[in-house]
Amino acid sequence: ETGVTQTPRHLVMGMTNKKSLKCEQHLGHNAMYWYKQSAKKPLELMFVYNFKEQTENNSVPSRFSPECPNSSHLFLHLHTLQPEDSALYLCASSQVSGGNGGELFFGEGSRLTVL
Amino acid sequence: GESVGLHLPTLSVQEGDNSIINCAYSNSASDYFIWYKQESGKGPQFIIDIRSNMDKRQGQRVTVLLNKTVKHLSLQIAATQPGDSAVYFCAENGSSNTGKLIFGQGTTLQVKP
């Protein structure tokens, strides 16, 4: 139990569907992140939120839309995805202070399959 | 550009032996480094970290070594156990102040009984 909970753990969707991934952190952290993990690739940073404000969008296609309503919750809204978007999507949180963050705490991930 | 890499995609060791997993990084501005372990079906878990003002840090059965001169990071696992079988990632903080980490490709550690 890392204190970061992701739902659903598995999701299968068609290319025309709209779905959302949810992440909740119970650690009191002020920053949350979405990472994408594909086979044989390093973890790719997608989005960073500090104090609910998006501070980084790593050139992610607009079919991925993040939402951070408060410091504890993070969503990733998905629409018109492509099969190559199939991957493990990992949410993480950390405490950022003085312009630097420390350890990232990861959730178990949401395994997405796009048909 | 920023990149973090590991020298070997797979490392196979005998149970009880010591394991050494290596990582090279390219961003001289990085001052914080972490090793993560990811077991099958789980998210990455923190193992040990080190800041750039240190060159060695020890945990329980694990040691991280940092060589800033050649931008090299290593993870040493003593008396490797079957439960250590996983993918190991190194990560650096780069020059960003958003708290993000940049990850390497990962080394799969296989422990033979």
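Across the interface of chain A and chain B, the rule finds one salt bridge (a side-chain nitrogen of Lys or Arg within 4 Å of a carboxyl oxygen of Asp or Glu). This is a predicted model: local features need pLDDT of at least 70, side-chain atom pairs count only at pLDDT 80 or more, and totals for chains, interfaces and linings use all residues. Residues are numbered from 1 along each chain as its sequence is written, chains are lettered from A in the order in which they are written, and side-chain values use heavy atoms, without hydrogens and water.

Select B:K100 and A:E56. They form a salt bridge, with the closest N and O atoms 2.8 Å apart.

Now show the whole contact (heavy atoms within 4.5 Å). Chain A gives 25 residues and chain B gives 22 residues. The two chains bury about 1,800 Å² between them, 51% of it on carbon and sulfur atoms. Buried area is the accessible area (1.4 Å probe) lost on being put together, summed over both parts. Pick A:P42, A:L43 and A:E103: in chain A they lose the most area to chain B, together 24% of what that side buries.

Next, the sheet. Colour β1, β3, β8 and β7 of chain A: in the order β1-β3-β8-β7, these four strands form an open, antiparallel sheet. Strands are DSSP runs (E, at least two residues), numbered from the N terminus, and two pair if DSSP finds at least two bridges between them. At the edges sit β1 (4-7) and β7 (64-70) of chain A, each pairing on one side only.

Zoom in on β1(A) and β3 (residues 18-25) of chain A, antiparallel and joined by four bridges. Finish at A:T7, whose bridge partner in β3(A) is A:K22.
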